[in-house]
Structures are given as structure tokens and as C-alpha cells.
Amino acid sequence: MDIKSGDRVLVARAQAGERSAFNELVRKYRHRVLKLSMRYTRNRADAEDAVQNTFIHAYCGLPHFRGDAAFYSWLHRIAVNSAKTAIALRARDASIFKFNTRSDDALNDTSVALKELDTPEELALTEEICEAVNGAIGELCEEQRTAIVLRELEGLSYSEVASAMSCPLGTVRSRVFRAREAINAQLHQRIAQ
């Protein structure tokens with residue numbers, strides 16, 4: 001039995017609800033997905049996060065896998081998107097903190113400096129805004145919350161969100177739009193207080 005037909009059997013069993021078949025696919029491809037993720041992220045922790053997200057997205061999307069392409073080709077595409085998301089999240093986090101590394105002959109010192117946050121008040125305001133946004137996301141209905149998280153936080157395209165949520169593209173656009181409006185209203189309400 002070749003790899004493609006072996007994967008087809010495992011995918012069919014996993015689609016039928018057999019978790020051990022999906023676990024076998026994870027065991028089979030985890031190392032390859034990790035290597036791929038490392039090439040994008042160049043960071044073990046981010047790569048591990050990307051691998052975990054890859055298999056979560058693959059498991060959730062498995063019912064929609066039609067087998068037009070090889071399973072690993074489909075998984076590869078998910079892995080690349082997960083790695084890019086990990087990079088984007090790292091870049092977003094790095095916009096608050098800037099890491100400076102300097103190397104002297106006498107010592108190697110890594111210093112962490114706050115990026116242009118001049119006062120503790122500005123840092124507190126940033127944290128307050130993050131808490132407000134997270135609170136507003138938490139108050140959304142499940143469909144809107146899922147759509148906005150996949151689109152804005154996970155970095156998926158609208159079509160990828162539609163596939164993940166098993167709904168039409170227009171529905172995803174509508175849910176994301178309504179979620180943004182609700183979050184915006186919550187933030188305006190909080191600022192007015």
C-alpha cells in the first residue's frame with residue numbers, strides 16, 4: 001500500500017469518527033510539520049504552537065477534506081498558515097516590547113526595553129484597552145466570537161474562516177462585521193465612562 005492510499009484509509013477512518021486513525025496521521029506527520037514550521041518561525045516555541053494549531057485546524061476541517069489533493073498537501077497548507085499566524089502574533093507582541101541583544105567580549109547581555117511607552121500610565125492604558133477588547137469579544141455570541149477570533153487573531157482569510165465554520169462566505173463577512181461593530185460599541189461605551 002503506497003503512502004497516498006494509506007493516508008486515504010486513515011482519513012476515511014478519521015472522518016468516520018475513529019480518533020486513533022487521526023492520532024496515527026498526527027504521529028506520521030508531526031515531525032515533518034514541525035520542520036516546516038521551524039523554517040518559517042525560526043523559533044522552537046512558535047513552531048510547536050504552529051504544529052499544535054495545525055493539527056487542531058486539520059481535525060476541525062477533516063469533515064470538509066474531499067481528498068482532491070493528497071492529505072499531506074492539505075496539511076502542508078494548514079501548517080504554512082499556522083506558522084504565518086505564529087509569526088504575526090510574535091510581531092504583534094514585539095510591537096510592545098523591543099528586544100535588544102548586544103554582545104561584548106566580556107559578557108553577553110540581553111536587555112529588554114519597553115518600546116516608546118514613556119510612562120506607567122501609558123502601559124496601564126494599553127493593558128486596559130487589551131482587557132476591554134478581550135471583554136468585548138467574550139460578550140459576543142458564539143458565531144461572532146468564533147468568526148472574529150479566526151479572522152483577526154488567527155489571521156485566517158474569509159474563505160478559510162468559512163471553511164472552518166462550515167458556512168457561506170457572506171455569512172462570515174456579516175459575522176465579522178457585526179462582531180467589529182459590537183466591539184467598537186463596547187469600547188466607546190467604556191471610554192465614555
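Buried here means under 20% relative accessible area, exposed means over 50%, and partly exposed lies in between, with a 1.4 Å probe and protein chains only.

**Figure 1. Overview of the protein chain in a predicted model.** Of the 193 residues of the protein chain, 27% count as buried. The protein chain has eight helices and two strands, where helices (H or I, at least four residues) and strands (E, at least two) are DSSP runs numbered from the N terminus, and along the sequence they follow the pattern α-α-α-α-β-β-α-α-α-α. Among contacts (heavy atoms within 4.5 Å) between residues at least 6 apart in sequence, 51% join residues at least 24 apart. Because the model is predicted, local features need pLDDT of at least 70 and side-chain atom pairs count only at pLDDT 80 or more, whereas totals for chains, interfaces and linings use all residues. Residues are numbered from 1 along each chain as its sequence is written, and side-chain values use heavy atoms, with hydrogens and water left out.

**Figure 2. Packing of helix α2 (residues 19-41) with helix α3 (residues 44-61).** The two helices pack at an angle of about 140°, with their axes 8 Å apart; axes are lines fitted to C-alpha atoms, for helices over the stretch in contact, and angles run from 0 to 180 degrees between N-to-C directions. This angle makes α2 oblique to α3, since angles under 35 degrees count as roughly parallel, over 145 as roughly antiparallel, 65 to 115 as roughly perpendicular and the rest as oblique. The contact includes F22, L25, V26 and Y29 of α2, and A47, A50, V51 and F55 of α3. By class, the contact has 13 nonpolar (Ala, Val, Leu, Ile, Met, Phe, Trp, Tyr, Cys and Pro), three polar (the others, Gly among them) and five charged residues (Asp, Glu, Lys and Arg).

**Figure 3. D46 and A45 in helix α3.** D46 counts as buried, at 14% relative accessibility, whereas A45 is partly exposed, with a relative accessible area of 48%. Not counting residues up to four places away in sequence, D46 touches T41, A86 and R90. A45 and A86 are 41 residues apart in sequence and 9.6 Å apart in space, C-alpha to C-alpha.

**Figure 4. The buried residues of helix α7 (residues 158-165).** These are Y158, V161, A162 and M165. They cover an arc of only 100° around the axis, which puts them on the same side of α7, the arc being that of the directions from the helix axis to the C-beta atoms. After α7 comes S166, whose phi is positive, near 55°.
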